[in-house]
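Hello,

Here is the structure I promised to pass on to you. Have a look at it first, and then read my notes below.

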Amino acid sequence: MDRKEFAQAVKDGKVRGAYLFEGPEENLKAAALAQLRKALLPEGMEELNETVLDAPATDALIAAAETLPFLADKRLVVVREHPALTGRGEGDDRLKDYMAQVPDTVVLVFVVRGKADARKKLYTAIKKHGNIVSFNPLTDAELNAWIVRVFASLGKECSLQTASLLAFTVGGGTALLRQEIEKLAALAGERNVITDEDVRQVATRSVECTVFEMVDAVVARQEGRAFGFLRDMLTSGEQRLGILAMLLRQYRLLQHVKIMQYEKKSVQEIKSNLGVAPFAAERCIRQASAYTGGEVRQAVDICLSTEMNVKSGKYNDEGALESAMLRLFALRKKT
């Protein structure tokens, strides 16, 4: 079951038994749990009909689930980070068998950070007798629409184009995006419309976005600007080898663009096949236009050989990244 199916089941009043919330989108898990609380628990009776347990013993979990609701149809029992689902332990057979016996008077929700361990007996029991609800990252279109809706809830307008720019700048995680949206809305003051310029001036750049900006600077032969981006990333705690890996990924994307252009693929086909957000794909195409196919191949070789030499111990990572950057600039100066 995905998050949309679960939301519809809540709306239709068809939630029952045991559920497991798993997946990387913690913010969406929290939103789904809030939706479930609102649907199940009568106003003013929330505290009397909800129990939240952290990695509980089996006796405590079953006791909470067996407690009858008070002036409500169902209780809600939320179990966080149970070791029988996170790989740190194994639940006893009583807990596993109880998944087939969860009473109609309770909705039992297990919540784990990230993915649960599907090899565990409890996971198998929930899957058989209840539901596994996956909270995976939103697609680009879903994410942009979600950003527009969150801005609207704060009384601000945001176009899909601006939403796409914000997602590209900050990254696709909804928790961090919500923080950035609230910041942008607050700084906009009485102004109703959030613009691209607002995002560029205020939003916190992800490492991926900063590497894009760094390659833009290399393409434009702006050495000081490129090394400024590098300094910012290092100051914020990013590791040189990680930045180098991102730089290699970026030039490989440009190489894919050149290959697809050689194959006479359309711009739309290139965007679809790159596997990145449309806004990022457009920037990749623009960056690739500054290079010949051979130059992009050399750029990939510079990043790849530097990474291999650092990993093999031939180079110290201190200075290796900066050296690779200088070689990339030397490559641009030839054109």
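This is a predicted model: local features need pLDDT of at least 70, side-chain atom pairs count only at pLDDT 80 or more; totals for chains, interfaces and linings use all residues.

Thr162 has a relative accessible area of 4%; since buried means under 20%, Thr162 counts as buried. Leaving aside residues up to four places away in sequence, Thr162 touches Ile194, Thr195, Asp196 and Val199.

Now for the chain as a whole. You will find 17 helices and seven strands in the protein chain, and its C-alpha trace spans about 75 × 55 × 40 Å along the principal axes. Of the 335 residues, 47% are buried. Among contacts with a separation of 6 or more, 75% are between residues 24 or more positions apart.

The largest pocket has a volume of about 370 Å³. It is lined by 16 residues, and those closest to its centre are Arg3, Ala7, Leu28, Ala31 and Arg149. Helix 1 (3-11), helix 2 (26-40) and helix 7 (140-153) are the elements that each give two or more residues to this lining. Helix 2 provides the largest share, with five residues.

Enjoy exploring it!

Best wishes

How values were computed: Residues are numbered from 1 along each chain as its sequence is written. Side-chain values use heavy atoms; hydrogens and water are left out. Buried means under 20% relative accessible area, exposed over 50%, partly exposed in between (1.4 Å probe, protein chains only). Contact means heavy atoms within 4.5 Å. Helices (H or I, at least four residues) and strands (E, at least two) are DSSP runs, numbered from the N terminus. On a 1 Å grid over the protein atoms alone, a cavity is a set of points where a 1.4 Å probe fits but cannot get out, and a pocket is an open set with protein on both sides within 12 Å along at least five of seven lines; lining residues have an atom within 4 Å of a point. Grid points are joined across faces, edges and corners, and a volume is the space filled by probe spheres set on the points.
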